Amino acid sequence: MRGESVDPHYLGIAELSALLRSGELGSTELTRRLLERIERLNPKLNAYVTVAAEAALADAQAADRRRHAGRWLGPLDGVPVAIKDNIATKGLRTTGGSALYRDFMPDQDATVVGKLRAAGAVILGKTGTHELAYGTTSINPFFGRIANPWDMRRDPGGSSGGSAVAVAAGLAFAALGTDTACSIRHPGHCCGVVGFKPSFGLVSAAGVFPLVRTMDHVGPLTRSAECAALVTAVIAGPDEADPYSSGRQFSWPVQGRGGIAGVRLGIARDFFFDGDPEIVDLVDCAIEALEAQGAVVVQLDSTGLESSLAISADLFAEAYAFHADDLAANPQAFSEELQAKLERKSRIKAAEYIGACHQRLLLRARMSRLMEQCDVLVAPAATTMPALFDDRPDEYDHHASKNATVFNLTGQPSVTIPCGFSGSGLPVGIMMSGAIDGDSELLAIAGLAEGVLMARRTPIE
């Protein structure tokens, strides 16, 4: 390998891909470096539940052979990535963070994993999650708690905590996560990385353990909005195996956006801007910085968005319905925390669930009218800092998920990007959400905002 002085761990995908394609970096040596880094740091972070070292090196060698033969599969060819452990990987253990599936070996890949493999990505392993992806801390009773690389006494957010930590700590260049209420964007906020929840149905969920199927999304955690777009371009698209697939495509790059000037930033302050005042202050400062570069701030009337909390609570009856048989037959395979959550959801009446489905339609219509007034709706990604493991504040789950859950209900694309750091050095995320099917435009605007905010740092060497 040429260019031994290159330290690749925190490169963006586009830059890394150029180095790989030119031969300045080789995928085999790059993958070996990441595996060594995982071996050194994962005992402290617990980002990975399963590391597929042998298979990853074989895939990397295949990528190098393709390059030498003049073949290139695209920007992810030879790039090491990670997969959340509730997404099926053929022949590679997929636990869902649950004792139920501790030794489960899928016989086929989830659709998104198959697409990554076809694009030449090197799969390093499976990242840890809150039990069955139902929680905001990634403290797992069966596989251990995942540590935040910015402060290892704190959680990394959940449920895609392992994926966020892997990207933040330089243990993968991208990682797939899932998001039912906040589970990509909250860990993105907590770990200082980009977390992108696409429009509902744009990315197939076939082969992913369901939680609330009508709210489940699959998306990437990355180091930049551009990286998120490059991954989404690979994993998006129609899939007959997913009945909720929208059939839509994703197009990147976006043409015609020269800068942030003129972008309309919608602010619905009466619902989204509460909780930790330091977070609110940092997000307000970020909005002011964008406005100083020509973005247009539009104050929105968000009356009615608070109904999202009750709607989502009732729709989580789907989580109980999916797990009811296993819970009855094998209760010891569920933690006390999850048993209590599912028991509460078991008490939701059919009429309440049906009413919530109707209210969701009304919420979508209300949000659609709001979005006519702006290009993106801007808010704090979460209104709480990551919690100390031994001192989780009251209503932590509420403040972790409240702002993000709205967009799982409406199906809109939503992304968090770093916007600053607290006085104690913890990252804070600003969330931007776009119109349905506006995924490419949203990521383009998020990328422009990154260029203004310049809030990237690295937590660990």
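Phe 272 and Phe 407 are both buried, where buried stands for under 20% relative accessible area, exposed for over 50% and partly exposed for the range in between, with a 1.4 Å probe and protein chains only. The model is predicted, with local features requiring pLDDT of at least 70 and side-chain atom pairs counting only at pLDDT 80 or more, while totals for chains, interfaces and linings use all residues. Residues are numbered from 1 along each chain as its sequence is written, and side-chain values use heavy atoms, with hydrogens and water left out.

**Exercise 1. Determine how the rings of Phe 272 and Phe 407 are arranged.**

Step 1. Rings of Phe, Tyr and Trp (its six-membered ring) pair if their centres lie within 6.5 Å; planes under 30 degrees apart are stacked, over 60 edge-to-face, and the rest tilted.

Step 2. Phe 272 belongs to helix α8 (residues 269-272) and Phe 407 to helix α14 (residues 396-410), so that the pair links distant parts of the chain, 135 residues apart. Helices (H or I, at least four residues) and strands (E, at least two) are DSSP runs numbered from the N terminus.

**Exercise 2. State which rings have Arg 102 and Arg 145 over them.**

Step 1. The criterion places NZ of Lys or CZ of Arg within 6 Å of the ring centre and within 35 degrees of the ring normal.

Step 2. Arg 102 lies over the face of Phe 143, 5.1 Å from the ring centre. For Arg 145, the charged end is over the ring of Phe 389, at 4.1 Å from its centre.

**Exercise 3. Describe the largest pocket and the second largest pocket.**

Step 1. On a 1 Å grid over the protein atoms alone, a pocket is an open set of points with protein on both sides within 12 Å along at least five of seven lines; a cavity is a set where a 1.4 Å probe fits but cannot get out, and lining residues have an atom within 4 Å of a point. Grid points are joined across faces, edges and corners, and a volume is the space filled by probe spheres set on the points.

Step 2. The largest pocket holds about 560 Å³ of space. Its lining has 24 residues, with Tyr 134, Phe 316, Lys 345, Asp 397 and Ser 401 nearest the centre. Helix α14 gives the most to this lining, five residues.

Step 3. The lining of the largest pocket comprises eight nonpolar, nine polar and seven charged residues. Here Ala, Val, Leu, Ile, Met, Phe, Trp, Tyr, Cys and Pro are nonpolar, Asp, Glu, Lys and Arg are charged, and the others, Gly among them, are polar.

Step 4. The second largest pocket has a volume of about 260 Å³. It is lined by 19 residues, and those nearest its centre are Tyr 10, Arg 223, Ser 224, Arg 456 and Arg 457. Its lining divides into 10 nonpolar, four polar and five charged residues.

**Exercise 4. Characterise the largest cavity.**
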